[in-house]
Amino acid sequence: ARRRQPDVRERCAHVSTEVFAKLVVIFLVVAVGWVAGRRIPGQDAARAIAGIAFYVFVPALLFRTTARIDFARLDSRILFSYFVPVLTIIGIVYAIGRWHERRHPGPPAEPAVRAISANFGNTVQIGIPLAAAIFGETGLAIHVTILSLHALVILTTLTVLVEVDLARAARHSNPNEAAHLRQVIVTTAKNTVIHPVVLPVLAGLTWNAAGLPLPGFADEALQLLGQGVVPVCLVLIGLSLAAYGVHGSLRIAAVVAALKLLVVPAAVLVASRWGFGLTGLPLSVVVLMSSLPVGSNALLFAQRYRTLEAETTAAIVISTVAFIVTCPIWLTVLQAMR
């Protein structure tokens with residue numbers, strides 16, 4: 001007799017165990033970073049690790065990913081269902097941040113840092129094993145399709161926004177340079193392109209478009225460096241907890257976590273189902289991916305611009321813990337819509 005495959009309902013029955021097990025591993029690695037941070041006082045260690053991750057591990061991962069994307073197999077409807085609402089919320093959060101900054105001046109990078117914290121999900125450490133456990137290989141393939149462009153789209157968008165804000169702040173702080181608008185535009189464009197996120201993405205896309213295969217030794221080296229992103233980022237969260245703490249950041253961090261866990265997936269659900277007509281497995285995968293907690297790349301972004309490090313760290317921790325509750329809720333909603 002043909003062996004019956006478990007359906008989504010049966011797989012969902014195991015989700016709490018899967019989520020809990022994965023979160024235990026994540027928090028153990030974060031705890032290692034926290035202990036290390038307690039033995040290495042100050043913020044220098046966290047910023048040094050963030051610098052290494054941002055200039056070495058992340059570029060390697062982004063270049064290898066973009067150089068290997070098979071654009072012919074990408075389903076545009078699934079991609080639009082995810083990125084249109086996410087980029088819309090990024091724009092809204094960023095616009096609110098800019099409005100608040102005009103009323104209460106603060107670091108120029110603050111709006112972009114809050115926008116990435118509210119939208120950049122933990123698509124690798126939690127997302128990949130969760131998609132595989134609940135939806136099987138077919139669902140994992142959809143998840144990886146979105147994942148292949150996740151960092152590319154979100155990090156590049158926010159890098160452009162933050163570099164424009166930094167250029168604007170520099171021009172306002174030195175009115176004598178206001179006449180040299182052309183120079184400001186050139187400098188902003190240069191800082192945007194020659195950037196540890198944007199440059200490897202552009203290089204990877206160029207390599208991809210040329211149809212060139214990655215040499216075996218280069219691919220293996222890039223893969224090895226890319227694998228360092230996950231453990232380094234998790235240790236960095238622990239280091240940042242020890243260096244910055246979370247006192248004074250919990251209220252706003254909780255709001256950011258709520259946006260990521262509740263508002264973003266709700267927007268993706270509406271856009272996917274009634275905007276782009278997704279149903280069944282693709283709808284479930286897209287919504288679950290959007291409901292993931294704040295990813296560690298948000299902290300790398302905050303560290304890069306030395307803005308809201310404590311708040312971003314708190315948002316990651318709060319959203320990761322709360323995901324134990326919100327994940328089964330979204331799975332129940334999706335199951336009811338099948």
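Reader: Which helix gives the most to the lining of the second largest pocket?

Author: In this predicted model, H4 gives the most, with seven residues. The second largest pocket holds about 410 Å³ of space. Among its 16 lining residues, Val93, Ile96, Arg114, Ile252 and Val255 are the closest to its centre. Two or more residues of this lining come from each of helix H4 (76–103), helix H5 (110–117) and H11.

Reader: What makes Arg114 a lining residue of the second largest pocket?

Author: A lining residue has an atom within 4 Å of a point of the pocket. Arg114 is one of the 16 residues that line the second largest pocket, so an atom of Arg114 meets that cut-off. By class, this lining has eleven nonpolar, two polar and three charged residues.

Reader: How many residues line the largest pocket, and which are the closest to its centre?

Author: The largest pocket has a volume of about 1100 Å³. Its lining has 38 residues, with Leu61, Thr65, Val144, Leu147 and Ser148 the closest to the centre. H6 gives the most, eleven residues. Helix H3 (44–68), helix H6 (127–173), helix H9 (216–226) and H10 each supply at least two. The lining divides into 19 nonpolar, 15 polar and four charged residues.

Reader: Why is Leu308 called buried?

Author: Buried means under 20% relative accessible area. Leu308 has 18%, and therefore counts as buried. Leu308 lies in the loop between H13 and H14, and its phi is near 55°, a positive value in a residue other than glycine.

Reader: What makes Arg306 exposed?

Author: Exposed requires over 50%. Arg306 has a relative accessible area of 57%, so it is exposed. Arg306 is also found in the loop between helix H13 (297–305) and H14, with a positive phi near 50°.

Reader: Where is confidence lowest and where is it highest?

Author: Helix H1 (residues 8–13) is lowest, at a mean of 53, and helix H11 (residues 250–275) is highest, at 95. The chain has a mean pLDDT of 81, and 84% of its residues reach 70 or more.

Notes
Residues numbered from 1 in each chain as written. Predicted model: local features only at pLDDT ≥ 70, side-chain atom pairs only at ≥ 80, totals over all residues. Heavy atoms only, no water. Helix = DSSP H or I, 4+ residues; strand = E, 2+ residues; numbered from the N terminus. Buried < 20%, exposed > 50% of the residue type's maximum accessible area, 1.4 Å probe, protein only. pLDDT = per-residue confidence, 0-100. 1 Å grid on protein atoms, 1.4 Å probe; cavity = no way out; pocket = protein on both sides within 12 Å on 5 of 7 lines; lining within 4 Å. Points joined across faces, edges and corners; volume = space filled by probe spheres on them. Nonpolar A, V, L, I, M, F, W, Y, C, P; charged D, E, K, R; others polar.
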